Amino acid sequence: MEKEKKTAIIAGAGPAGLTAAYELLENTDIETQVYEQSDQIGGISQTVRYKGNRMDIGGHRFFSKSKRVTDFWEKVMPLQGEPSKDDKLIGRDVEGLATDGPNPENTDRVMLVRQRVSRIFYLRKFFDYPISLKLKTFTNMGLFRTMRAGFGYLAATVHKLKEDSLENFYINRFGKPLYKMFFEDYTEKVWGIHPSKLGADWGSQRVKGLSILAILKDMIVKKFGKQDKEKVETSLIESFVYPKFGPGQLWETVADDVKQKGGEINMQSSITGIHVNENRVDYVEITKPDGTTEQKQCDWFLSSMPIKDLVAAIKGVEVPDDVKRVASELPYRDFITVGLLVKKLNMTNETKFKTFQNRIPDTWIYIQERDVKIGRLQIFNNWSPYLINDYENTMWIGLEYFCTEGDALWQMPKEDFIKMAIKELVHIGFINEDDVLDATQVKIKKAYPSYFGTYYELDKVKSFLDTIENLYCIGRNGQHRYNNMDHSMLTAMETVDAIKSGNTDKTAIWAVNTEEEYHEKK
């Protein structure tokens with residue numbers, strides 16, 4: 001008699017969930033079922049379509065120090081071998097094209113090579129991000145600010161603060177004046193809380209190697225030596241790859257591959273109950289699109305759902321009150337993007353980068369100005385020319401706002417929000433109101449796990465969850481960690497490795513993006 005196949009159930013069709021499904025189907029004979037509560041593939045890495053234009057929610061550079069991750073991307077979508085539309089229009093030579101790679105002009109399943117340009121907009125001027133030590137930086141800052149910044153940095157090298165907050169993390173690396181100019185206000189916009197009240201963990205996981213010394217070293221290497229891409233700090237990379245139609249395209253392609261390999265992907269299906277028996281998940285309860293529920297047995301349960309929702313759904317075992325409290329009070333930051341189609345931007349290109357019609361070259365711009373609520377501005381034309389329906393005659397941009405579900409920004413009626421966003425961009429000089437052709441709004445819940453409140457007690461939850469042998473927490477929300485996409489994918493890959501080997505120790509999975517060595521080496 002043939003042995004019945006074992007089953008893995010995966011909560012969430014974002015990067016972590018889909019990577020896990022793909023890897024399980026590729027490397028094991030385990031039946032795989034994915035349940036996604038929304039109607040969108042890709043989680044926060046989805047691509048939103050609007051009247052022929054596409055929006056990248058949050059902006060996703062495809063860059064990783066993990067060869068396993070980059071090999072995965074290349075396997076799913078090969079690297080371009082011929083120039084893309086914008087490269088052809090301006091006659092730009094692109095380094096790093098693949099030999100015999102596909103032509104993006106006539107092939108859709110392709111990764112583009114893109115140049116990384118992001119800047120800070122502060123004092124109504126552009127500053128490099130990360131902050132560079134160029135003459136332009138100092139002239140933009142003015143003599144007084146420059147002197148204060150210099151003395152502040154020197155003071156920070158002599159007197160190191162205890163890194164018990166994100167504020168102290170930044171001050172130790174840049175000095176207090178630079179921190180107050182370029183980090184304090186923006187960080188508070190993003191998280192809704194002052195950096196002095198945020199954990200330093202966010203800095204160590206996102207910008208661990210970034211500092212004035214790292215910037216100086218990077219400048220010297222670029223001028224006099226050959227840069228080792230394996231060791232460059234992620235915030236200092238100069239190029240990245242990007243799917244022709246945005247990150248959602250890659251995950252939609254992975255989803256199609258999962259189905260072709262025999263996996264199931266069920267949309268608008270929420271896992272609302274997780275039944276635990278003798279330290280194992282034996283079945284889950286699923287609420288289907290029509291509101292009915294069903295039970296599905298499983299041998300493994302992989303969760304990329306928010307820890308808050310995961311713990312609330314556990315049944316059949318007593319969850320300690322402390323664990324319930326910590327999980328239920330875990331903080332999140334939500335996200336609103338306004339997509340704006342305009343005839344043109346008022347800003348012109350004053351950089352070394354060649355652009356079509358002399359447009360500014362940035363993929364995104366950090367808005368540091370205190371008199372507007374907008375946190376970041378994306379320029380989708382520069383991510384990929386194929387995201388825009390009429391690339392040559394319009395600019396398609398994303399105005400990003402950080403908020404908390406239920407607050408004034410989140411509750412604001414859509415039309416009022418769009419009007420506010422347009423007025424803010426006019427106020428800081430980026431556009432003329434008459435140049436706006438169309439607009440839309442997208443809301444994303446629980447986009448960013450936050451690093452304050454009961455986050456500091458998360459180990460209590462982790463310890464409890466780890467007692468459930470066949471439960472694995474993966475991805476950004478699954479681990480309540482502000483992971484990059486590649487880190488989320490690695491949590492899934494580590495999980496599949498553990499399942500293949502029969503290992504129930506979750507240490508390696510939780511350790512992704514926490515060890516210093518991971519950031520500094522491949």
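Two strands pair if DSSP finds at least two bridges between them; strands are DSSP E runs of at least two residues and helices H or I runs of at least four, numbered from the N terminus. The model is predicted, with pLDDT of at least 70 needed for local features and 80 or more for side-chain atom pairs, while totals for chains, interfaces and linings use all residues. Residues are numbered from 1 along each chain as its sequence is written, and side-chain values use heavy atoms, leaving out hydrogens and water.

**Exercise 1.** Work out in which sense strand β6 and β7 pair, and where β7 sits in its sheet.

*Solution.* Start with the pair: β6 (residues 118-122) runs antiparallel to β7 over four bridges. One of the partners is K125 in β7, bridged to Y122. Now widen the view: the open sheet has seven strands in the order β7-β6-β16-β17-β18-β15-β19, with mixed pairing. Strands β7 (125-128) and β19 (436-449) are its edges, each pairing on one side only.

**Exercise 2.** Classify the ring pair of Y122 and F182.

*Solution.* Recall the rule: Phe, Tyr and Trp rings (for Trp, the six-membered one) pair with centres within 6.5 Å; planes under 30 degrees apart are stacked, over 60 edge-to-face, the rest tilted. By this rule there are 33 aromatic pairs. For Y122 and F182, the centres are 5.4 Å apart and the planes at 65 degrees, so the pair is edge-to-face. Next, place the residues: Y122 is in strand β6 and F182 in helix α7 (residues 176-182), 60 residues apart. Finally, Y122 and F182 are both buried (under 20% relative accessible area, 1.4 Å probe, protein chains only).

Technical notes: Buried means under 20% relative accessible area, exposed over 50%, partly exposed in between (1.4 Å probe, protein chains only).
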